[in-house]
Amino acid sequence: MSRLSNIPLTGWIGMALIAANAILFLFGPMLAPFGQEEIVGMPFDMPQPGHPLGFDQNGRDMLSRLLYGAQMSIGISLAAVCLSFAVGVPLGILAAIRGGWLDLVLSRVVDTVMSIPVLISALVVLQALGSSLPVLIVTIALLDSTRVFRLARLVAQGINVMEYAEVARLRGEGLGWMIRREILPNALPPLVAEFGMRFCFTFLFVAGLSYLGLGVQPPFADWGGMVRDNQQGILYGLYAPLFPAAAIALVTIGVNLTVDWLLAGHTTVQGDNR
Amino acid sequence: MSDILRIRDLRVATAEGVELLHGVSLDLEKGEILGLIGESGAGKSTIGLASMGYGRGGCRITGGTIELAGKDLASASRPEREAVRGARIAYVAQSAAAAFNPAHRLERQIIEGPLRHGLMTAPEARAWMIELFTALGLPEPETFGRRYPHQVSGGQLQRAMVAMAMSCKPDILVLDEPTTALDVTTQIEVLLLLRETIRKYGTSALYITHDLAVIAQVADRLMVLRHGAEVETGTTEQILSAPREEYTQRLVSERQASLNAEAGAHHRTGEEILRVDHVSAAYGRTPVLHDVDLSVKRGETVAIVGESGSGKSTLARLVSGLLAPSAGQVRFDGEALPESYRKRSPDLLRRIQLIYQLPDVALNPRQTVGETIGRPLETFRGLKGRAQRNEVARLLEMIGLPVEMAARLPGALSGGQKQRVCIARALAAEPDLMICDEVTSALDPLVAEDILRLLRKLQDELGMTYLFITHDLSVVRRLADRTVVMQKGRIVEEADTATLFEAPRDPYTRRLLDSVPQLDRGWLDKVLAARAS
């Protein structure tokens, strides 16, 4: 990896934003001056001492809700992305190594799922099963894992035909060794980049679902839901909906900047070591 | 001052500031061919591209002047440089297949230059293209341009690229290894036509190559390069007959030795270990091997020689179990070898090891040298921990690498070192048969020589059996007890190496042997004369 001095300014900004969000994620509720359900003022009241970001549509402290929402929003996205990689990457690599009917079946299933817009699939599942947190996370993760599967399979196919992989097969190595030692380490750069991107997409997707009322259910705070709840404030020229929207934007920008920096110069995949 | 190109103290550095060329100067007269020779990383191609005012992949010209007909390109503006490129000085790359756009017909790509530079009208450009096609000996010059790149052979495409480079009637051609990717019999054809065409139109040329014997046929003067600096420059005769510098002497004597070595090796051989019994094979429906019959005895080296597409690598895949034969059988140590490597026992897998052409892709870039060599020790011989480390150290010593290398990743090794690691990995299995698939063809001549010496040493010490697959006849000459010549999936001749080189029976073998460039200025003319008579 590059030395510290080689990291561009945008990289630093991205990492600073991610660090700030990580702190919010870990300590948000502790930092919050009020509870997330506590009504402490007038609806849509202006920022004032003790309440630097004002109040939401129910008169709850905006800052406190943002801090609580950080845990919820970031937590769901992170869990969903981790789960989708845990499902997609092994299956993708397996399909690439084994090929044949296994590859055929998995790929066609994935193609079928991908042919339906993600939002529609998610809406159907969430309507049917009800929007609880586990259902939300698993639904998003499984829908997302199709994309991860495709990438992992593609990258692994490239590596699988490399001669060092052939040497390992001719040595009689089992599936576990092939995945863990030969393919995964060489597939890591594009997968890590994809992880960052997927996190962004998922974050926005959760925000979108919440906005439609199918994401995180009240009274829990989450940033997407907060934008929705406060949207009528925009009609009256109030700042209230802008704060959660800005929080979403900052996370997305932070992750994107970091990923861009990680991707730059690391676009060669498949362990080309020349 | 008849110099068309005059380079003075040229310095080129990468984007990271690493200097690739440390002040190189050269002059090129009108109509002269100057050969640039050196191993990879010597800066040959960098000079070739810099002479067009171009730096590859973020490289910058950091100092010196490049005067093309009196005008400095190094300090010229971008539009000025672009006006010169293609028009006054043109480039021919090693791989024509990668230089042509597969989606367009040849004609369109060849006449693009003169039209773009506004030098000719479309009919003029076409007429000139047809004249070039004729001069370059391409079939049906009138209609050849209508073909797509995939519809012509490799040698024809390489010539079409020369036509593309000549399309603007440039003063200078930069030829970057123009025949290296071609088979020997094709190479001689292209070399001949290239030389004729350059002479006919009085073009000057910078001819870049690593092969002394090839450059000896075409160049008037030679410049030997190493590590981005000039070693020596002289007329071709002087460099070949009386090289001044030690490095040049080594280059010349190595090439001489490889051509003139006594043909054939004579090892004490044991019982038959490998028998390829009337085997045919196909990729899908395309047959690639026809009724191949071959036998290898324990302790000997059998070379399989042929040009690309002759099926020699397919044979290696067959023996190693990566491809199943469509007919016939492979027997190993008296027993039928299961067709697929999946059905072979671990011990059988251990006994046959493969070494590849490109060490870059044969080593996992994320595994250290120690892990790479240690893994077969563990899977095949059950060595772990300390015993494994000791054995890795012993193997590293055997192949001539320092023990500290065990901690390195392949990215931190040179090409020759990587190939040594590949050999050590194969040795770790204590195999009975090693299949060497073009193991030296991606390496520089002096490095390749070292690898061959190592392989020979291992054979003497361990009594190793080699199945040596190559297109390089000079390698065969020095290494093999017996040689098998293949053409289009069939064995055309099989004989003791010495016999084969002295008295080839098959016409194809004879043509193959005659096509190997000799380190003799007049060789190409002799071949020409022999053909005419």
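Which residue takes a positive phi just after α13(B)? G321(B) does, at about 90°. The model is predicted, and the points below should be read with that in mind.

1. **Helix α13 of chain B.** Seven of the nine residues of α13(B) are buried, so the rest of the structure largely encloses this helix. The buried set is K312(B), T314(B), L315(B), A316(B), L318(B), V319(B) and S320(B). A lysine, K312(B), is among them. G321(B), with its positive phi, comes just after the helix.

2. E307(B) sits in the loop that runs from β13 (301–305) to α13 (312–320) of chain B. E307(B) is buried but has no salt bridge. R511(B) is the nearest side chain of opposite charge, at 5.7 Å.

3. **What E307(B) does touch.** Its side chain makes a polar contact with the side chain of T185(B), at 2.4 Å. Setting aside neighbours within four places in sequence, E307(B) is in contact with D183(B), V184(B), T185(B), K312(B), Y508(B) and L512(B). K312(B) in that list is also one of the buried residues of α13(B).

4. **Salt bridges overall.** Over all chains, the whole structure holds 43 salt bridges. Side chains of opposite charge can pair when their charged atoms come close.

5. **R195(B) with D525(B).** The closest N and O atoms of this salt bridge are 2.6 Å apart. R195(B) counts as buried because its relative accessibility is 2%. D525(B) has a relative accessible area of 36%, so it is partly exposed.

6. **R298(B) with D432(B).** Here the side chains meet in a salt bridge at 3.8 Å, N to O. This pair too links distant parts of the chain, 134 residues apart. R298(B) is in the loop between β12 (286–297) and β13. D432(B) is in the loop between α18 (415–428) and β17 (433–437). The arginine, R298(B), is partly exposed at 26% relative accessibility. The aspartate, D432(B), is buried, with a relative accessible area of 17%.

7. **D333(B) with R351(B).** The closest N and O atoms of this salt bridge are 2.5 Å apart. The partners are 18 residues apart in the chain. D333(B) lies in the loop between β14 (327–332) and β15 (335–336), while R351(B) lies in helix α14 (residues 346–351). D333(B) is partly exposed because its relative accessible area is 29%. R351(B) counts as buried at 15% relative accessibility.

8. **A network with members from A and B.** R171(A), E173(A), E182(A), R375(B) and E378(B) are linked in a network of salt bridges.

9. **Chain A as a whole.** Chain A has nine helices and zero strands. Its pattern along the sequence reads α-α-α-α-α-α-α-α-α. The C-alpha trace spans about 75 × 50 × 30 Å along its principal axes. Of the 274 residues in chain A, 48% are buried. Among contacts in chain A with a separation of 6 or more, 71% come from residues 24 or more positions apart. The accessible surface of chain A is about 12800 Å², and carbon and sulfur atoms hold 70% of that area.

10. **A nonpolar patch on chain A.** M46(A), I234(A), L235(A), Y236(A), Y239(A) and L242(A) make a nonpolar surface patch of about 690 Å². I234(A) is placed in the loop between α8 (223–229) and α9 (242–263). With 46% relative accessibility, I234(A) counts as partly exposed.

11. **R180(A), for reference.** R180(A) is part of helix α7 (residues 175–211) of chain A. At 53% relative accessibility, R180(A) counts as exposed. R180(A) and F243(A) lie 43 Å apart in space, C-alpha to C-alpha, with a sequence separation of 63 residues.

Note on methods:
Residues numbered from 1 in each chain as written. Chains lettered and ligands numbered in written order. Predicted model: local features only at pLDDT ≥ 70, side-chain atom pairs only at ≥ 80, totals over all residues. Heavy atoms only, no water. Patch = residues over 30% accessible without salt bridge, like charges linked within 9 Å, V, L, I, M, F, W, Y side chains within 5 Å. Areas by Shrake-Rupley, 256 points an atom, 1.4 Å probe, with all protein chains shown as cover. Salt bridge = Lys/Arg side-chain N within 4 Å of Asp/Glu carboxyl O. Helix = DSSP H or I, 4+ residues; strand = E, 2+ residues; numbered from the N terminus. Buried < 20%, exposed > 50% of the residue type's maximum accessible area, 1.4 Å probe, protein only. Lys, Arg positive; Asp, Glu negative; His and termini not counted. Polar contact = N/O pair within 3.5 Å; in protein donor to acceptor, adjacent residues only side chain to side chain. Contact = heavy atoms within 4.5 Å.
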